Amino acid sequence: MHHCEQTTQNDIIGSMGTSPSYRIGTVCDRTIKAERERLSGILNYISLHPNLCLEIFTRDKQCQMLKAKLDGVIGHFTACPRYGRNRRMPVVELELPLLHPDANIIIDNTAIAQCAFTHFRARGFDNYAYVGSNHPHEAPYSRERENAFRSAAANAGFVAHTLHE
């Protein structure tokens with residue numbers, strides 16, 4: 001595995017093969033399981049695309065991305081919500097699109113919940129429960145998904161119970 005040219009004191013991951021054409025930045029708090037899982041998915045994708053390089057910023061250093069020479073960013077930006085403005089780069093906001101109005105790609109929590117219900121219904125299930133978080137850090141998108149899942153169940157004539165972690 002080769003490494004990209006380092007511009008800051010962050011973890012940098014490159015793919016096998018030719019020099020990377022695109023540098024992508026992401027924010028990750030490795031103490032949070034969901035963020036480690038998200039990072040794992042991004043790293044799997046990066047490993048399959050030799051033209052990509054990933055620079056990983058911790059939450060406390062996420063504003064350093066403003067100084068880094070990046071071609072795009074992926075993440076949940078709390079301290080730097082307007083990262084992509086006037087930079088002409090793709091921004092993928094993974095959690096709270098209202099905090100990042102300039103994001104090119106956002107997560108549609110309603111569609112995720114509806115898709116989950118449709119999948120379970122197609123498999124023949126008749127009893128439903130939404131398992132989510134009521135942790136303040138995770139609650140905004142979890143509540144949105146919970147409400148959409150319960151609505152999808154109700155629209156199909158079912159009741160979806162709720163279990164919070």
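Predicted model: local features only at pLDDT ≥ 70, side-chain atom pairs only at ≥ 80, totals over all residues.

Visitor: Which core does Tyr128 belong to?
Guide: Tyr128 is part of the largest nonpolar core, which has 10 residues. Among the others are Phe117, Tyr130, Phe149 and Phe158, along with alanines such as Ala113 and Ala148.

Visitor: Which elements give two or more residues to this core?
Guide: Those are α2 (109-122), β7 (128-132) and α3 (139-155). The largest share, four residues, comes from α3. As general background, nonpolar side chains tend to be buried together in soluble globular proteins.

Visitor: What does Phe158 touch?
Guide: Leaving aside residues up to four places away in sequence, Phe158 touches Phe117, Arg121, Asp126, Tyr128 and Ala153.

Visitor: I see a lot of rings there. How many aromatic pairs are there?
Guide: The count comes to seven aromatic pairs. One of them is Phe117 with Tyr128, a tilted pair at 4.7 Å centre to centre with 50 degrees between the planes. Phe117 lies in helix α2 and Tyr128 in strand β7, so this pair ties together parts that are 11 residues apart in sequence.

Visitor: And how is the pair of Phe117 and Phe149 arranged, what are the distance and angle?
Guide: Their ring centres are 5.9 Å apart and the planes are at 80 degrees, so that pair is edge-to-face. Phe149 lies in helix α3 while Phe117 is in helix α2, so here the parts tied together are 32 residues apart in sequence. Both Phe117 and Phe149 are buried, with Phe117 at 5% relative accessibility.

Visitor: Which residues do the ring pairs link into a cluster?
Guide: The cluster is made of Phe117, Tyr128, Tyr130, Phe149 and Phe158.

Visitor: Let's look at α2 itself. Which of its residues are buried?
Guide: Asn109, Ala113 and Phe117 are the buried residues of α2. They cover an arc of only 70 degrees around the axis, which puts them on the same side of α2. On the other side, Cys115, Thr118 and Ala122 are exposed.

Visitor: Why would residues three or four places apart point the same way?
Guide: An α-helix has 3.6 residues a turn, so residues at that spacing point the same way.

Visitor: How far does α2 reach from its first C-alpha to its last?
Guide: It has 14 residues and reaches 20 Å, close to the 20 Å expected at 1.5 Å a residue.

Visitor: Now α1, what's its span and which residues are buried there?
Guide: Helix α1 (residues 33-48) has 16 residues and reaches 23 Å, close to the 22 Å expected. Its buried residues include Glu35, Arg38, Leu39, Ile42 and Ile46. These cover an arc of only 100 degrees, which puts them on the same side of α1. Lys33 and Leu48, on the other side, are exposed.

Visitor: Switching topic: where is Asp60?
Guide: Asp60 sits in the loop between β3 (52-57) and β4 (72-75), and at 64% relative accessibility it counts as exposed. Asp60 and Val27 are 33 residues apart in sequence, with their C-alpha atoms 9.4 Å apart in space.

Visitor: And where is the place of Asn147?
Guide: Asn147 is in helix α3 and counts as partly exposed at 47% relative accessibility. The C-alpha atoms of Asn147 and Ala113 are separated by 8.4 Å, although these residues are 34 apart along the chain.

Visitor: Zooming out, how many helices and strands does the protein chain have?
Guide: It has three helices and eight strands, following the pattern β-β-α-β-β-β-β-α-β-α-β along the sequence. Of its 165 residues, 38% count as buried.

Visitor: Last one: where is confidence lowest, and where is it highest?
Guide: The lowest is strand β1 (residues 11-14), at a mean of 58, and the highest is α2, at 93. Over residues 1-8 the pLDDT is below 50, and this stretch has 27 contacts in the model beyond near neighbours in sequence. For the protein chain, the mean pLDDT is 77, with 70% of residues reaching 70 or more.

Key
Residues numbered from 1 in each chain as written. Heavy atoms only, no water. Core = buried A, V, L, I, M, F, W, Y, C linked by side-chain atoms within 4.5 Å. Buried < 20%, exposed > 50% of the residue type's maximum accessible area, 1.4 Å probe, protein only. Contact = heavy atoms within 4.5 Å. pLDDT = per-residue confidence, 0-100. Expected span 1.5 Å × (residues − 1). Arc of directions from axis to C-beta. Phe/Tyr/Trp six-rings, centres within 6.5 Å; stacked < 30°, edge-to-face > 60°.
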